[in-house]
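Have the sequence and the 3D view ready.

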Amino acid sequence: MATDVKQDKLPSTATGQDVTGAQRDQQAKDHHAHSCSSEPRAKHIPRPEMVDEKSRIIWEYVVPVAAFHLVIPLMFTSYFFSWWGVLFLPIGNYIFTSMGIGAGYHRLLTHRGFDCPKWFEYLLATLGVCSLQDSPARWVLVHRVHHQHSDHQPDPHTPRVSAYWSHMGWMFVENRELSTVAAYDRYCRDLMKDKYYMWLTKGINWVWVYILHTIPFTIAGVIAGLMLASTTAGVVQITAQVFFWGVIMRTVYTWHVTWAINSAAHMWGYRNYETREDSRNNWVFALLTNGEGWHNNHHADPRSAQHGHRWWEVDVTYISLAILEKIGLIRNLARPNNNALSRKTL
Ligand SMILES: [Zn+2]
Ligand SMILES: [Zn+2]
């Protein structure tokens, strides 16, 4: 995974001159092209070829994912439960995951669906890092492979292998094809030429950023405790509750709603467009992810930063981006290409 990319093995392009906007656009567009044939596929397909007996278990994922899930039952104790704590889930989901993963990692870095100043791009990407879904380059690599081979055998996470595999199983065993320097060079060279993304990809730097972001939560918890509690034990309890809901439960919640786009939104829901994979518009996860669940629309027109195409397909992430475009912070927000889409409409 990302941690396998050592500095001495990085592609020579990683320290080269900056990639131009046109090259970057082209690379993003190249990965939208479906390279697979449209021949009928089997209902069930094997795991990607390079997930085999030589593949190692990715303990760096297994251990934290297991540990975060093991503390979930604490939410049912009176010590940790609080209704205001529950509010951290939708608010944290919007800030860190919809803006960080949905707008940042996905619509901007993977598909280049809009332009913005570099500082704002880094801000969105850093919010994404705080969702603990690996580095931007790793996420983009995996997602571009997904678009290129959707629901065909090289797809890293198709439910045609199994529902569990598409939801989370694929992360826990090494896909040897995607952990090579050549894969980073092929699928996300544009990001690997950027010093910040390169730095995040090295070792576990992206994990350190995630750990750092827990400090403001802890400080906020102490301040809230000092304001609301009259005893030291009360201050400790409120700090623990803020950390529990704001960091741990929010991370677990946003993991599953994001992972559900790879699983549920390739299995259940309706289709507006004829596409060469199983993508679905899943309204439950569209609401929970603030728009990412309109996944059949997204596969039909990957570059569009607007995933909701019908009036009822609410896409809060796109609405947020449209407001940012109105105030001049972002430009060239890609909207659905209706001409091309009309040929795919069901
Ligand atoms: Zn998909
Ligand atoms: Zn995509």
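Start with helix 6 and helix 8, which are oblique to each other. Oblique is what is left over once angles under 35 degrees are called roughly parallel, over 145 roughly antiparallel and 65 to 115 roughly perpendicular. Helices here are DSSP runs (H or I, at least four residues; strands are E, at least two), numbered from the N terminus.

A word on the model itself: it is predicted, so local features need pLDDT of at least 70 and side-chain atom pairs count only at pLDDT 80 or more, while totals for chains, interfaces and linings use all residues. Residues are numbered from 1 along each chain as its sequence is written, and chains are lettered from A and ligands numbered from 1 in the order in which they are written.

Helix 6 passes helix 8 in a right-handed crossing. On the helix 6 side, the contact uses Pro136, Ala137, Val140, Leu141, Arg144 and Val145, and helix 8 answers with Ala183, Tyr184, Tyr187, Cys188, Leu191 and Met192. "Contact" means that two C-beta atoms, placed from the backbone, lie within 7 Å.

Another pair to look at is helix 4 with helix 5, and their crossing is left-handed. Handedness is left if the near helix is turned anticlockwise from the far one by less than a right angle, and right if clockwise. Among the residues making this contact are Phe96 and Tyr105 of helix 4 and Leu124 of helix 5.

Here are both pairs, with axes fitted to C-alpha atoms over the stretch in contact and angles that run from 0 to 180 degrees between N-to-C directions:

| Pair | Axes come within | Crossing angle |
|---|---|---|
| helix 4 (residues 88-110) and helix 5 (residues 118-129) | 7 Å | roughly 120° |
| helix 6 (residues 136-148) and helix 8 (residues 181-192) | 9 Å | roughly 125° |

Trp294 counts as buried because 30 C-beta neighbours lie inside 10 Å; the cut-offs are 20 or more for buried, 12 or fewer for exposed, and partly exposed in between. Leaving out residues up to four places away in sequence, Trp294 touches Asn281, Ala286, His307, Gly308, Glu313 and Asp315.

Zooming out, the protein chain has 16 helices and 0 strands. Buried residues make up 43% of its 346 residues.
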